[in-house]
Amino acid sequence: MGESKPVFGTLGFYVAMAEALNADPEWAERGKALEATMIYAYGEPINRYFYMRFEGGKVYDVTELSSLEERAAQFVVSGTGESWRAVMQKEVKPATAMATGKLKVKGKQTYLLKNMGAFTRILDVMTSLDPVYE
């Protein structure tokens with residue numbers, strides 16, 4: 001039996017993403033100056049919210065929230081379940097999804113741009129997880 005895959009749109013997916021990042025030497029280097037909190041918000045039909053804290057090249061506090069208001073974050077990346085799925089299945093590049101409004105990013109854009117290498121690595125690892133779609 002093979003290793004079980006994380007399930008798309010679940011806390012298990014974000015736990016797997018954090019574990020992959022925390023074991024990744026490239027992320028440790030790119031993310032060492034990053035100090036940010038982020039919520040990944042899934043709209044219809046999933047309607048779930050996931051919080052993570054990035055600090056010093058590590059990922060902490062991976063949590064599912066009951067609402068966007070439950071905890072403040074510096075960045076919120078939101079989209080429909082369909083938009084997230086298209087990004088995860090590499091049908092749409094994350095930058096294209098953001099540029100076309102399929103994924104929306106709320107937060108300080110200058111900080112995002114300054115740390116683009118770290119954020120790009122997060123997306124690379126996220127899209128490499130090959131989750132199960134239920």
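This is a predicted model: local features need pLDDT of at least 70, side-chain atom pairs count only at pLDDT 80 or more; totals for chains, interfaces and linings use all residues.
The side chain of Arg-121 makes a polar contact with the side chain of Asp-24, at 2.7 Å. Is Arg-121 buried or exposed? Its relative accessibility is 17%, and since buried means under 20%, Arg-121 counts as buried. If we leave aside neighbours within four places in sequence, the residues in contact with Arg-121 are Leu-21, Asp-24, Glu-26, Trp-27 and Arg-30.

I turn now to the sheet. Five strands form an open sheet in the order S3-S2-S1-S4-S5, and the pairing is mixed. Which strands stand at the edges? They are S3, residues 58-65, and S5, residues 103-106; each has a single partner strand, so one side of each is left without a neighbour in the sheet. On average, and ignoring direction, neighbouring strands here are turned by 15 degrees against each other.

Strand S1, residues 35-42, and strand S4, residues 75-79, run parallel and are joined by five bridges. Within that pairing, Ile-39 stands opposite Val-76 of S4, and Tyr-40 has Val-77 of S4 as its bridge partner. On the other flank, S4 and S5 run antiparallel, with four bridges between them. There, Ser-78 stands opposite Lys-104 in S5. How many residues of S4 are buried? Four of the five are, so S4 is largely enclosed by the rest of the structure.

Next, the nonpolar interior. In soluble globular proteins, nonpolar side chains tend to be buried together. The largest nonpolar core in this model has 32 residues, and those with the most contacts inside it are Tyr-14, Met-17, Leu-34, Tyr-40, Phe-54, Trp-84 and Ile-122. Several elements each supply at least two residues of this core: helix H1 (11-22), S1, strand S2 (48-55), S4, helix H3 (81-88), helix H5 (109-114) and helix H6 (116-128). Which of them gives the largest share? That is H1, with six residues.

Met-17 illustrates how this core is connected. Setting aside neighbours within four places in sequence, Met-17 is in contact with Tyr-40, Met-52, Ile-122, Val-125, Met-126 and Leu-129. There is also a second, separate core of six residues, and among its members are Ile-39, Ala-41, Tyr-49 and Tyr-51. Tyr-40, by contrast, is listed among the residues with the most contacts in the largest core.

Six of its eight residues are buried, so H3 is largely enclosed by the rest of the structure. The buried residues of H3 are Gly-81, Ser-83, Trp-84, Ala-86, Val-87 and Met-88. What covers them? The cover includes H1, S1, S4, helix H4 (94-99), S5 and H6.

For those who inspect backbone geometry, a few places call for attention. Most residues other than glycine have a negative phi, and most peptide bonds are trans. Against that background, Glu-44 and Pro-45 are joined by a cis peptide bond, with omega at about -5 degrees. Pro-45 is found in the loop between S1 and S2. Just after H3, Lys-90 takes a positive phi of about 60 degrees. Asp-61 is not a glycine, yet has a positive phi of about 55 degrees. Asp-61 is found in strand S3, and with a relative accessible area of 38% this residue is partly exposed. Asp-130, in the segment after H6, likewise has a positive phi, near 55 degrees. Asp-130 is partly exposed, at 43% relative accessible area.

Finally, the annotation. The unreviewed UniProt entry places the feature "domain: SCP2" at residues 21-119. Over residues 21-119 the chain is 32% helix and 33% strand, and the end C-alpha atoms are 11 Å apart.

To return to the opening residue: Arg-121 is buried, and its side chain makes a polar contact with that of Asp-24. Thank you for your attention.

Notes
Residues are numbered from 1 along each chain as its sequence is written. Side-chain values use heavy atoms; hydrogens and water are left out. Two strands pair if DSSP finds at least two bridges between them. Axes are lines fitted to C-alpha atoms, for helices over the stretch in contact, and angles run from 0 to 180 degrees between N-to-C directions. A nonpolar core is a set of buried Ala, Val, Leu, Ile, Met, Phe, Trp, Tyr and Cys residues joined through side-chain atoms within 4.5 Å. Buried means under 20% relative accessible area, exposed over 50%, partly exposed in between (1.4 Å probe, protein chains only). Contact means heavy atoms within 4.5 Å. UniProt positions are given in the numbering used here, feature names are shortened, and annotations may be inferred rather than shown by experiment. A polar contact is a pair of N or O atoms within 3.5 Å; within protein, one must be able to donate a hydrogen and the other to accept it, and residues adjacent in sequence count only if both atoms are side-chain atoms.
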